[in-house]
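Visitor: Could you walk me through this model with some questions and answers, beginning with the terms I will need?

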Amino acid sequence: EKLKTFVGLKVNNNKSKLYFSKSTKDKHIIMSILHMQESKLPVKYLGVPLSHNYLHFSDCGALFDNINNRLNGWDCKLLSIAGRLELIHSVITPMVLYWMMVYQLPMATIDKLNKLCANFIWNGKVHKISWNILCSPKLEGGVGLRNFTDLRKAASIKLLWHFINSKNIWARWMCKRYCDNKQFW
């Protein structure tokens, strides 16, 4: 109530849901106090699925749908290879990175993303240059695209860095769950 009077904001109980762990007692009391309904995971938040389980290939359908909608919306026949490369670089890669900043994507997902992008570049025809060569730096004969396998490694290291060094609620929860409050190393 103090926050509401101070900033004029109020929680919209119709749009808010409660998520409980299996061990939560007195759910009905909490729900009656907060005037909110219970909901179950998985749920989508900011375009990313939230779940109590590890992310699986089947959970990445929304990412594939979003990418396929973009790729199908661009007419390959009217775009040069340079235009297709730029769309992969400036649109598709950031979409994938957004998910990678939350989850370590399964390798099956990474493989499918690499194939989708390679097929888009070559318009579904025979690949004249392999995806790995295209993803090489320009100084090494590539075009500077980022291979999603390499991006997965970098994003995983960043998540690990946050896990080890951060004191935010996510890091504390992960440490409690996986390290039993011991040092990670």
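Predicted model: local features only at pLDDT ≥ 70, side-chain atom pairs only at ≥ 80, totals over all residues.

Visitor: How many residues in the lining of the largest pocket are nonpolar?
Guide: Sorted by class, the lining has five polar residues and one charged residue, while the nonpolar ones number 17.

Visitor: How many charged residues line the second largest pocket?
Guide: This pocket holds about 350 Å³ of space, and its lining includes Tyr19, Phe20, Ser21, His52 and Leu41. Lys22, Lys27, Glu38, Lys40 and Arg177 belong to the lining as well. By class there are three nonpolar and three polar residues, and the charged ones number five.

Visitor: Are helix 4 and helix 5 roughly parallel or roughly antiparallel?
Guide: Two packed helices are described by the angle between their axes and the distance between the axes. For helix 4 (residues 81-100) and helix 5 (residues 107-121), the axes lie 10 Å apart and the angle is about 160°. Because angles over 145 degrees count as roughly antiparallel, helix 4 is to helix 5 roughly antiparallel.

Visitor: How many nonpolar residues are in the contact of helix 4 with helix 5?
Guide: On the side of helix 4, the residues that meet helix 5 include Ile81, Leu85, Ile88 and Arg84, and on the side of helix 5 they include Ile110, Leu113 and Cys117. In this contact there are no polar residues and one charged residue, and the number of nonpolar residues is 12.

Visitor: Is the crossing of helix 4 and helix 7 left-handed or right-handed?
Guide: The axes of these two helices come within 10 Å and cross at roughly 35°. Ile92, Thr93, Val96, Leu97 and Met100 in helix 4 meet Phe148, Leu151, Arg152, Ala155 and Leu159 in helix 7. As helix 4 passes helix 7, the crossing is right-handed.

Visitor: How are helix 3 and helix 5 oriented, roughly parallel or roughly antiparallel?
Guide: Helix 3 (residues 61-73) and helix 5 have axes 11 Å apart and pack at an angle of about 5°. Since angles under 35 degrees count as roughly parallel, the orientation of helix 3 and helix 5 is roughly parallel.

Conventions:
Residues numbered from 1 in each chain as written. Heavy atoms only, no water. Axes fitted to C-alpha atoms, helices over the stretch in contact; angles between N-to-C directions. Helix = DSSP H or I, 4+ residues; strand = E, 2+ residues; numbered from the N terminus. Parallel < 35°, antiparallel > 145°, perpendicular 65-115°, else oblique. Contact = heavy atoms within 4.5 Å. Nonpolar A, V, L, I, M, F, W, Y, C, P; charged D, E, K, R; others polar. 1 Å grid on protein atoms, 1.4 Å probe; cavity = no way out; pocket = protein on both sides within 12 Å on 5 of 7 lines; lining within 4 Å. Points joined across faces, edges and corners; volume = space filled by probe spheres on them. Left-handed = near helix turned anticlockwise from the far one by under 90°.
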